[in-house]
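Please report on helix packing and sheet architecture in the model below. Keep it brief.

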Amino acid sequence: MPDEDLSIRASALNHWFGAGEARKQALFDIDLRIRRGSFIVMVGPSGSGKTTLLTLLGCLREIQEGSVLLLGQELRNATTAQNVRLRRRLGFIFQAHNLHESLTARQNVLMGLQVKGRMDREVSDKAAAHILTLLGLSERLDYLPANLSGGQKQRVAIGRALVGNPDVVLADEPTAALDWETAASVVDLLKQLGRARGTTTLMVTHDNRILDRADRILTLEDGRLVGDEDRT
Amino acid sequence: MSRLLTRLLGRLPIGWLQLVHQRGRFAAALSGVAFANVLVFVQLGLMSSMGVSTLRPYQFFQGDILISAADANTLTDGGNVARQWMLQALADPDVVDGMGLFVAMVPWDRGETDISLTTFGIDPFRTAFLAPEIAADIDVLQVQDAAILDRLARGLTQEEAAAIRLQTPLSFETQGRTLTAYDTFAGGGGFVGDGYLLVSDQTFLSLFPARSSGAPDHILLRLRPGAQPDAVVDRLKTLIADPTLRIRSYADAMDEEVRFQQTQRPTGVIFGFGVLIGVLVGIVIVFQVLSADVADHLREYATFKAMGYGQGFFLGVVVEEAVILGVLGFIPGVIAGWGILTLMAKVTTLPLFISFGMAVTVFIGTVVFSALSGMIATRRLAAADPADLF
Ligand SMILES: Nc1ncnc2c1ncn2[C@@H]1O[C@H](COP(=O)(O)OP(=O)(O)OP(=O)(O)O)[C@@H](O)[C@H]1O
Ligand SMILES: [Mg+2]
């Protein structure tokens with residue numbers, strides 16, 4: 001697989017938490033190549049290092065050892081400015097929704113657009129409303145997070161990650177709070193984006209029904225990549 | 001408001017939305033800023049009125065050079081100056097005329113209130129040394145025990161003052177003599193005395209028999225038109241090389257007394273200190289509010305950081321909050337400050353007010369200090385990896 005077809009390439013990636021006596025290795029020697037446009041699911045028991053790997057690949061954490069090439073850019077020793085620019089091309093969906101409490105659903109989604117610069121207000125308002133409608137929230141556009149259910153908040157967070165048409169979506173158990181129907185529609189949306197725009201998705205999940213739809217399944221155990229199953 | 005800010009900032013007004021979301025904190029912050037503003041305004045008002053009232057007596061006279069005793073920090077304190085120095089000074093080709101100026105406090109028992117008048121003894125024949133308003137009425141002082149009274153003196157009612165004229169003078173007892181005020185002028189209560197009184201040097205000496213006509217408190221010199229006071233001062237200093245004297249241009253004497261009142265006198269120092277406290281209170285309050293706000297939204301900010309927002313964005317949000325607090329806190333602050341000063345001015349008859357310059361300075365200061373403390377509040381965001389903030 002030539003490098004230009006890759007969204008992510010990790011080599012000899014190690015990661016530790018803590019210092020001194022408490023220093024503990026969380027990831028061991030991860031080697032990974034992810035093709036553009038693929039829908040990849042990562043599984044593994046709690047504490048196996050899934051979130052750690054996701055944040056390293058998504059340039060939310062400094063690389064300590066090894067190398068990560070994300071969208072053609074080396075993350076090891078990257079500058080703050082390089083990180084900021086790269087993050088704008090990603091859609092991160094966190095384990096917790098992390099919506100801003102003072103912003104409405106639509107405004108939270110707008111934050112995902114606005115990061116790319118000044119934009120026509122009407123156009124961006126429409127884009128935000130569109131993605132929220134796709135996620136079944138057309139009636140809740142101007143609600144504050146406090147007035148939304150857990151599943152609704154998670155959908156707003158998904159909208160926020162997707163509204164800017166990211167090149168790579170990194171999702172940490174995004175469907176945990178959703179009913180199956182909504183979860184399936186989110187997965188379908190991501191797969192469709194992959195086909196249409198080459199969006200790559202790397203999703204951590206425990207949901208077996210999502211596994212069935214994955215192009216590839218990675219299994220993490222005790223910080224090591226122990227399984228890599230191609231489903232295509 | 002939200003729409004306006006969106007226009008202005010070209011982004012969602014997160015700072016504004018955050019502030020109005022927590023109304024309690026917002027209100028507390030605003031009253032804090034307003035309180036700090038009031039403190040600063042009242043102290044600045046007092047300080048500036050101190051400047052104004054300090055200079056007031058200088059405006060009764062017209063002169064170019066003032067010779068005083070070395071220990072005379074103000075017009076009203078310090079030792080005497082021998083009259084012979086005036087004759088020496090007159091030897092300088094640029095010096096046209098000189099006048100001895102006598103000063104003392106004169107008590108006036110007004111029944112329920114005793115007031116104290118800063119009294120100047122002057123030569124009623126040397127009108128060129130007097131401000132035009134005073135010079136016009138000065139002839140009456142040629143009569144022994146005649147006086148011109150400050151119509152703005154504390155303890156004197158407006159009606160009383162207005163009734164004083166040549167045909168209906170006002171007499172009062174002091175220093176064992178009866179003084180008669182035939183006319184009035186505009187002085188005003190200050191931090192030293194409750195008002196002013198002008199008498200002739202002869203009357204002054206009979207009020208204070210211990211004083212001698214050969215030793216006034218100050219010597220006022222007038223120069224030939226076009227002469228440079230500073231150059232003459234330098235010449236006089238070599239001519240009269242006497243370390244017990246202080247020879248200054250009239251303008252320098254005014255500046256030095258204002259500086260002395262504001263930095264050496266307890267009252268002045270207290271006002272200056274009050275300004276400092278006000279500024280500190282403001283900074284602490286704004287910093288507290290903004291850093292608590294940053295701490296409360298750390299997860300959200302980390303999320304924004306993960307989405308690709310840079311430090312500039314966070315600074316922008318916090319500065320937005322700071323400016324909003326600064327502007328909205330300033331409005332009640334300036335209104336309350338103005339109210340308090342107006343009330344104080346009524347009671348004290350001091351020239352207490354908020355000048356335009358003062359308002360602009362305090363406004364800019366409020367916004368700048370608020371923004372600075374906001375910037376400090378975002379520092380902890382700058383270093384952290386987004387992943388470590390969740
Ligand atoms: N900030 C941290 N400081 C110290 N140790 C950490 C930190 N984050 C994770 N760890 C440790 O690293 C290991 C991997 O954690 P990680 O969160 O990546 O697991 P995970 O697979 O995402 O688990 P879960 O399914 O529960 O989310 C765990 O042993 C965890 O205790
Ligand atoms: Mg996890």
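In β6(B), A181(B) is the bridge partner of A147(B). This is a predicted model. Strand β4 of chain B (residues 146-150) pairs with strand β6 of chain B (residues 177-185). The pairing is parallel and runs over five bridges.

Both strands sit in an open sheet of nine strands in chain B. The order is β5-β6-β4-β7-β3-β2-β8-β1-β9, and the pairing is mixed. The edge strands are β5 and β9 of chain B, each of which pairs on one side only. Neighbouring strands are turned by 30° against each other on average, direction ignored.

Helix α8 of chain B (residues 229-239) packs on this sheet. The strands of chain B that α8 touches include those below.

| Strand | Residues |
|---|---|
| β1 (chain B) | 65-69 |
| β2 (chain B) | 95-110 |
| β8 (chain B) | 218-223 |

Edge strand β9 of chain B (245-249) is also touched by α8. The direction of α8 makes about 160° with that of β9(B).

How do the axes of α5 (residues 150-162) and α6 (residues 180-197) of chain A cross? They come within 12 Å and cross at roughly 5°. Angles under 35 degrees count as roughly parallel, so α5(A) is roughly parallel to α6(A). From α5(A), the contact uses R155(A), I158(A) and L162(A). From α6(A), it uses T182(A), V186(A), L189(A), L190(A) and L193(A). The contact residues divide into six nonpolar, one polar and one charged.

Terms used:
Residues are numbered from 1 along each chain as its sequence is written. Chains are lettered from A and ligands numbered from 1 in the order in which they are written. This is a predicted model: local features need pLDDT of at least 70, side-chain atom pairs count only at pLDDT 80 or more; totals for chains, interfaces and linings use all residues. Side-chain values use heavy atoms; hydrogens and water are left out. Axes are lines fitted to C-alpha atoms, for helices over the stretch in contact, and angles run from 0 to 180 degrees between N-to-C directions. Helices (H or I, at least four residues) and strands (E, at least two) are DSSP runs, numbered from the N terminus. Angles under 35 degrees count as roughly parallel, over 145 as roughly antiparallel, 65 to 115 as roughly perpendicular and the rest as oblique. Contact means heavy atoms within 4.5 Å. Ala, Val, Leu, Ile, Met, Phe, Trp, Tyr, Cys and Pro count as nonpolar, Asp, Glu, Lys and Arg as charged, and the others, Gly among them, as polar. Two strands pair if DSSP finds at least two bridges between them.
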